[in-house]
Amino acid sequence: MPSKSESLALHIMRSLYDATAGRPMQWRSLAGLSDVAETREAVQLAVDRGWLLVEGGHSVCLTDEGRQLLHAV
């Protein structure tokens, strides 16, 4: 059973995947969301696991590993 942070990270990643049509290296803003502690924790978890990249503390993109994980889930 995934933790709350892991479930939120996967949800964020799925939303990002959908917003970018699954294309690699497509950056999107986390404006407003990154101010929420739970979201910051989930994003950090995804970064630590190599699923997301963060730039400037507010823009994210899926790594190839993150995109592959979403195909498996």
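**View 1. Valine 54 and its bridge partner in β3, valine 60.** This is a predicted model, where local features need pLDDT of at least 70, side-chain atom pairs count only at pLDDT 80 or more, and totals for chains, interfaces and linings use all residues. Residues are numbered from 1 along each chain as its sequence is written, and side-chain values use heavy atoms, with hydrogens and water left out. β2 and β3 run antiparallel and are joined by four bridges. The hairpin they form has three residues between the strands, and glycine 56 takes a positive phi near 65° there. Helices (H or I, at least four residues) and strands (E, at least two) are DSSP runs, numbered from the N terminus.

**View 2. The open sheet, three strands in the order β1-β3-β2.** Pairing here is antiparallel; two strands pair if DSSP finds at least two bridges between them. Strands of a sheet pair through backbone hydrogen bonds, either parallel or antiparallel. β1 (28–29) and β2 (52–55) are the edge strands, each with a single partner, so one side of each has no neighbour in the sheet. β1 is joined to β3 (residues 59–62) by two bridges, and serine 29 stands opposite serine 59 in β3.

**View 3. Helices on the sheet: α1 lies across β1, β2 and β3.** α1 runs at about 80° to β3. α2 packs on the sheet too, touching β2 and β3, and its direction makes about 115° with that of β2. Contact means heavy atoms within 4.5 Å. Axes are lines fitted to C-alpha atoms, for helices over the stretch in contact, and angles run from 0 to 180 degrees between N-to-C directions.

**View 4. Where α1 (residues 4–19) meets α2 (residues 37–48).** The two axes come within 8 Å and cross at roughly 80°, so the helices are roughly perpendicular to each other (under 35 degrees counts as roughly parallel, over 145 as roughly antiparallel, 65 to 115 as roughly perpendicular and the rest as oblique). On the α1 side, the contact residues include Leu8, Ala9, Ile12 and Met13; among those of α2 are Ala42, Val43 and Leu45. By class, the contact has eight nonpolar, two polar and four charged residues. Ala, Val, Leu, Ile, Met, Phe, Trp, Tyr, Cys and Pro count as nonpolar, Asp, Glu, Lys and Arg as charged, and the others, Gly among them, as polar.

**View 5. α1 against α3 (residues 64–72).** These axes come within 10 Å and cross at roughly 100°, which makes α1 roughly perpendicular to α3. Leu10, Met13, Arg14 and Tyr17 of α1 touch Gly66, Arg67, Leu69, Leu70 and His71 of α3.
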